[in-house]
Amino acid sequence: MKFSIEKNKILKSLEEVIRAIDPNNIYMHLRNFYIEILDEEIIIKGSNGYFSIENTIKNESTLYVEKIGKLLVPSNLFLNIVKKCSGKILLYSKNNILYIENNLDKYQINLLDYKEYPVIDFSLYGNKIKVEVEKIKKAINNVIFASSQTKEDFILTGINIKYEDNKLMFTATDSFRLAREVIEIKDDRNISFDVTVVNKNLKNFIPNDAVGEIEFYANEHKINVVYNNSNYQSKIIDAPYKNVSQLFKINFSKKITIDKTILNNAISKATVMSNDVVHNKIFVFVNKEEMKLSTHTDSIGSTSVILKNNEFQYEGEEIQIILNFKFLKEAINVFNDKINIHLIDSKNLILIDSEKSLNKQIISPMVS
């Protein structure tokens, strides 16, 4: 194997692919870049076993292939060496060693047996839709925090991605709260899919440099996102996601309408003595005249913040409810302006939405 390439060209590809590599993976071969040098292109792959990225460098003026071949090279070490190079880099292998030459600098890296790298099927099949990059990034960010961070109920560590009736829905829940964002798609085809992907796989699922539209594929085994010369792929969780749609159909009898910034500031003031995971209760009392947010920590003290009715509108009988303020802040922060908080009583779920957003958040009350 022997080729030369501009440093910036290969560096961009390596930085994209390394997002799928776990340097502490128990399977040593998955800690590496799998690189295939062909006559007309170079293909670089990385995977943690569940989430994988394939990037292709096309033959152009910055790439000259003298001899084809395959490499399995330690990812972090190789990336760090390339970062230290400048201009054109010469790479060639001999006796299971990769030689890297850049100007007068020379490096040698011991290679692993590329034949031991698992076969990853990057083929594209299943239902395909086109989605605007910024919308899909926003949807993932606006629901991922509500997914479970433990593996007690593995399906809840996933983000459910469902497409039907020209709506792409992202849903996450840890059983105490629920977040859903909808993206409307213009597509005349009668297609649908319903898959669930582990949350940590979705964090890096959209190419860093992607703009405009991306191609999104889904089938019963995996999902793929394709943009330019990159193919991002994740396995799906082989279990049905919980049916949560009925939760959005509850009839609520009370509603608070308030600017997100006003409520956020009030929560921050009321929880100034309770900013830890143990003392996370906030008491919310509201009637038509005022809203009171208060917290109490035995070892520290208490705080009370009152908003008057010129800062919010309220419909319904007065109510007091106890909420997890961390969950409440995360829920309201996905919105930009006025929000609606729908309630029934102190024991039932609350729904948060906005007239200018297709996102909905649900939170369970806490006990006193």
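Here is a short chat about reading aromatic rings in this predicted model.

Me: How is a pair of aromatic rings described?

Reply: You go by the distance of the centres and the angle of the planes. In this structure there are eight aromatic pairs. Take Phe51 and Phe205: their centres are 6.0 Å apart and their planes make 45 degrees, which is a tilted pair.

Me: Where in the chain are Phe51 and Phe205?

Reply: They come from distant parts of it. Phe51 belongs to strand β4 (residues 51-58), while Phe205 is in the loop between α4 (199-202) and β15 (213-218), and 154 residues separate the two.

Me: Are Phe51 and Phe205 buried or exposed?

Reply: Both Phe51 and Phe205 are buried.

Me: Why does the pair of Tyr163 and Phe193 tie together parts that are 30 residues apart in sequence?

Reply: Because Tyr163 sits in strand β11 (residues 158-164), whereas Phe193 sits in strand β14 (residues 193-198). Tyr163 and Phe193 are buried too.

Me: Which residues do ring pairs link into a cluster?

Reply: Phe51 and Phe205 turn up again here, joined by Tyr232.

Me: And what lies over the face of Tyr92?

Reply: That's Lys2, 5.8 Å from the ring centre.

Definitions and conventions. Residues are numbered from 1 along each chain as its sequence is written. This is a predicted model: local features need pLDDT of at least 70, side-chain atom pairs count only at pLDDT 80 or more; totals for chains, interfaces and linings use all residues. Side-chain values use heavy atoms; hydrogens and water are left out. Rings of Phe, Tyr and Trp (its six-membered ring) pair if their centres lie within 6.5 Å; planes under 30 degrees apart count as stacked, over 60 as edge-to-face and the rest as tilted. Helices (H or I, at least four residues) and strands (E, at least two) are DSSP runs, numbered from the N terminus. Buried means under 20% relative accessible area, exposed over 50%, partly exposed in between (1.4 Å probe, protein chains only). A charge sits over a ring if NZ of Lys or CZ of Arg is within 6 Å of the ring centre and within 35 degrees of the ring normal.
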